[in-house]
Amino acid sequence: MQKKSLIEKLHDLQDSHHQTNHLSKEEVVKLCEQDSTPLSQAYGVATFYTMFSVKPRGRHIIRICENQSCHMADAVQVVDELKKYLGIEFGETSSDGLFTLEHSSCLGMCSIAPCMMIDEHPYGNLTPSKAIEIVQKMKAGV
Amino acid sequence: MKIYRIHALICAGGQCITAGGDSFEEALKHAIKEKGLEDEIQVVETGCMGACEKGPMMVVYPEGVLYVHLKPSDAQEIVSEHFLKGRPIQRLMWKEADGNFPTLDQVPFFAHQTKIVLRNCGMIDSESIEEYIARDGYAALAKVLSSMKPNQVVEEIKKSGLRGRGGAGFPTGLKWEFTARENSEMKYIVTNADEGDPGAYMDRSVIEGDPHTIIEGMAIAAYAVGATQGYIYCRAEYPIAIKRLHIALRKAKQVGLLGKNILGSDFSFDLEIRIGAGAFVCGEETALLNSIEGKRGEPNVKPPYPSSKGLYGKPTVINNVETFANVPFIILEGAEKFRKIGTESNPGTKVFSLAGKVITTGLIEVPLGISLRRIIYDIGGGIPDGKKFKGALMGGPSGGVVPASKLDTPIDFESLNEIGSMMGSGGLIVMDEDSCMVDIAKYFLKFTVDESCGKCTPCREGTRQMLTILERITSGSGKESDLNELECLAETIKLTSLCGLGQSAPNPVLSTIRWFRDEYEAHIREHKCIANVCVMKAPKSEVKKRAKKITH
């Protein structure tokens, strides 16, 4: 077993913040001190990958795809309605702190487009109403 | 071993689960228990069966009855009518246009396929190493360890003519030979499972459906080149695939098929999984290796190639998921048999993920050299709603479009390059008359702009400029000089970008201009989108004319 890479350590750190899904500065600084890694390097890695965030995000991350297959299956309507329902744009968090809306380049579920993933759960064959229903159910379950 | 009267194979591929397969399975198991049939009926979760559009799917043996679009509420009826009384429920079965209810081997969607890579997908429980072994799994590894020298393995792969299935089509045997020749104490084997092309999900399905075949292929490669450590780099967007990989790895280690002195030989090989964090560019091999090391996933200048200076600066074989999945078959059945499938310069099969405007979307495997027409019409069942075929996108954001006039082009690396398209990793998106080609090109460019890592200027700035022009054209403000400017920029970006992402980014634009120039011209000159997709604002002169009319 080789020692964990910086990316894996950042994954671990971020995963420990269930409520905010982000990398806290204090913890990254501490990690860098422990490993003698320059902070600039950790910051460089954290901001390069879309799944890391140095700013607090919502409790749940909604990743939605608007690419080719999804685009052809009217993903844009799903996205628009979801934005309206949550009252946010891409990269923003809903006022109740529950959802952050993010773009995904492709979730690899093109046969059941349009699709999205909330945290680790994929959803396909979406319509605007189905997408909102899924979000509503999650909201009720929290 | 327990004998069951009925085997119910439920597809647990990502797309079937997402479509509700997991709740159907739960309901079915519950219904079986209620009737006390647990000892007679075995429910098996398999990997992707292929016909994703029909999901959730289930095949019931011994008959091979094919159930599609299943809902939890159907479970009770299936158990009481079919499982108890032997009366399959036609309402839920796969129905052909002629009204027949074919069994699995009779459905055209499956009957026209040739399966090497997907040989186990949809057939076995992907979380069971025993079921993989029962289908000759790890027999190829045993064969190389007991009866072949490393250079014989390299020779066999060279003889097979296997070419990299990630898209570039580089001969796999040569790649292995380069690394085998290197003199180094440490060598690595890496699987590129950072599938990211929009429209492509072959690798995800193979990992979800048959993870052990990747492990076996990698172990054989390690033996052939003298490597002792391997990594599978999988994108974080595929949680189900990652979970099944972890299970497979743990089981292979438990039974001694990974680790020290495998099968009592001197050969030792260990394997770890590395997860990405959301960066398309990491599919480029040098960027991927940087990412495994924990760095930003930016590509390096080649040469040196990974075969001599790869992971941690050591000689590294890096192959795609599908490439490794071919290896056990070649070793076990022989290069000769592999070469009988496909064509002379393109032996074997290719897996495609069929998406877009085609009746049966899903995962398919076909012999190379087959025509696109056969894929779309014989396997996919044609275009839905009686619409007309317009083009097929191959190779994702690096590829191009195949127009209707080229439907009979054989699917191989060279023929597709000639018509300005590309084999790519296997994403195949079918478009009908309702798709606008300029809009499609714009979407791919948007993707590249988002995913460009920013390291080199032509890719970072050039694609952005191209996108600006495309946005202008699709909003009705295009200029006569725009096409020329697009082509000029495209050439520069292709020639001067650092890695494959930039070098191939202009392809969708060039290819759509080549085959659908009239559509671009209609957007620019007549401010008209033939497919009625782009929202065009009327040109200034028209607005003035209209205003005049109103005032008069």
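**Note on a predicted two-chain model**

1. The residue Pro303(B) lies in the loop between α11 and β8 (316-320) of chain B; helices (H or I, at least four residues) and strands (E, at least two) are DSSP runs, numbered from the N terminus. The peptide bond joining Lys302(B) to Pro303(B) is cis, with omega about -5°. Chain A also has a cis peptide bond, between Ala113(A) and Pro114(A), with omega about -10°. Pro114(A) belongs to the loop between β2 and β3 (116-118) of chain A.

2. On the basis of the note: this is a predicted model, in which local features need pLDDT of at least 70 and side-chain atom pairs count only at pLDDT 80 or more, while totals for chains, interfaces and linings use all residues. Residues are numbered from 1 along each chain as its sequence is written, and chains are lettered from A and ligands numbered from 1 in the order in which they are written.

3. Chain A contains six helices and four strands, in the sequence pattern α-α-α-β-α-α-β-β-β-α. Its C-alpha trace spans about 50 × 30 × 25 Å along the principal axes. Of its 142 residues, 44% count as buried; a residue is buried if 20 or more other C-beta atoms lie within 10 Å of its own, exposed if 12 or fewer, and partly exposed in between, with C-beta atoms placed from the backbone.

4. The four strands of one open sheet in chain A have the order β2-β1-β3-β4, with mixed pairing; two strands pair if DSSP finds at least two bridges between them. Strands β2 (99-104) and β4 (121-123) of chain A stand at the edges with a single partner strand each, so one side of each has no neighbour in the sheet. Neighbouring strands of this sheet are turned by 25° against each other on average, direction ignored. Strand β1 (residues 60-65) of chain A runs parallel to β2(A), and six bridges join them. Arg63(A) is placed opposite Glu102(A) in β2(A).

5. Which residues of chain B are in the side that touches chain A, by class? There, 42 residues of chain B are in contact with 31 residues of chain A; two residues are in contact if their C-beta atoms, placed from the backbone, lie within 7 Å. The elements α1 (14-34), α11 (285-292), β9 (349-356) and α16 (437-451) of chain B each supply at least two residues of this side. The residues of this side of chain B comprise 18 nonpolar, 14 polar and ten charged. Ala, Val, Leu, Ile, Met, Phe, Trp, Tyr, Cys and Pro count as nonpolar, Asp, Glu, Lys and Arg as charged, and the others, Gly among them, as polar.

6. Helix α8 (residues 202-209) of chain B has eight of its eight residues buried, so the rest of the structure largely encloses it. Among these buried residues are Met202(B), Arg204(B) and Glu208(B).

7. Two residues other than glycine have positive phi values. For Asn125(A), phi is near 45°; this residue lies in the loop between β4 and α6 (128-141) of chain A and is partly exposed, with 18 other C-beta atoms within 10 Å. For Leu263(B), phi is about 50°. Leu263(B) sits in the loop between α10 (239-254) and β7 (270-275) of chain B and is partly exposed, with 13 other C-beta atoms within 10 Å.

Terms used:
Axes are lines fitted to C-alpha atoms, for helices over the stretch in contact, and angles run from 0 to 180 degrees between N-to-C directions.
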